[in-house]
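User: Could you walk me through this model before I set anything up with it? I'd like to begin with the overall layout.

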Amino acid sequence: MRAAIIKPVTGEEVAALVSCFGPDDCYGVAWTLLHLIETGPNPVLTTKPAPDANEWHHRLYDRSVFEEPTPTT
């Protein structure tokens, strides 16, 4: 049996998933995790991570802060 996480994820799921990043990208798994987290309520991280925080937390924060606004036409 194969289990899958259904998108979009909830805020509770995002809180659990954001703690799953390891010290490396684990053969691309970290990117998949990052994209899955981004399907949930944003912003995931509301304060800038400490300089020594996991690089993936920095990526999540930067992507939410520097995301280009969606056109409202």
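Analyst: Helices here are DSSP runs of at least four residues, numbered from the N terminus. On that basis, the elements of the chain run α-α-α from the N terminus on, and please keep in mind that this is a predicted model.

User: How many helices and strands is that?

Analyst: The secondary structure comes to 3 helices and 0 strands.

User: And how much of the chain is buried?

Analyst: Of the 73 residues, 23% count as buried, and the accessible surface of the chain comes to about 5,700 Å², with 58% of that surface belonging to carbon and sulfur atoms. As for the contacts with a separation of 6 or more, 55% of them are between residues 24 or more positions apart.

User: Let's take H2. Which of its residues are buried?

Analyst: Helix H2 covers residues 29-37, and in it Ala30, Leu33, Leu34, Leu36 and Ile37 are buried. Seen down the helix axis, the buried residues of H2 fall within an arc of 165°, so they line one face of the helix.

User: What covers them?

Analyst: The cover over the buried residues of H2 includes helix H1, residues 11-17, and helix H3, residues 55-65.

User: How do H2 and H3 pack, then?

Analyst: The axes of H2 and H3 are 11 Å apart and the two helices pack at an angle of about 35°, in a crossing that is right-handed. On the H2 side the contact is made by Ala30, Trp31, Leu34, His35 and Ile37, and on the H3 side by Trp56, Arg59, Leu60 and Arg63.

User: Switching to the core: which residues touch the most other members?

Analyst: The largest nonpolar core has 14 residues, of which Leu17, Val18, Phe21, Ile37 and Leu60 touch the most other members. H1, H2 and H3 each supply at least two residues of this core, and the largest share, 5 residues, comes from H2.

User: What does Phe21 touch?

Analyst: Leaving aside residues up to four places away in sequence, Phe21 touches Ala30, Leu33, Leu34 and Ile37, and also Asn54, Trp56, His57 and Leu60.

User: Where is Tyr27, and is it buried or exposed?

Analyst: Tyr27 is found in the loop between H1 and H2, and with a relative accessible area of 86% Tyr27 is exposed.

User: One more proline, Pro41. Where is it?

Analyst: Pro41 has its place in the loop between H2 and H3. At 45% relative accessibility Pro41 counts as partly exposed, because that class lies between the cut-offs of 20% and 50%.

How values were computed:
Residues numbered from 1 in each chain as written. Predicted model: local features only at pLDDT ≥ 70, side-chain atom pairs only at ≥ 80, totals over all residues. Heavy atoms only, no water. Buried < 20%, exposed > 50% of the residue type's maximum accessible area, 1.4 Å probe, protein only. Contact = heavy atoms within 4.5 Å. Areas by Shrake-Rupley, 256 points an atom, 1.4 Å probe, with all protein chains shown as cover. Arc of directions from axis to C-beta. Core = buried A, V, L, I, M, F, W, Y, C linked by side-chain atoms within 4.5 Å. Axes fitted to C-alpha atoms, helices over the stretch in contact; angles between N-to-C directions. Left-handed = near helix turned anticlockwise from the far one by under 90°.
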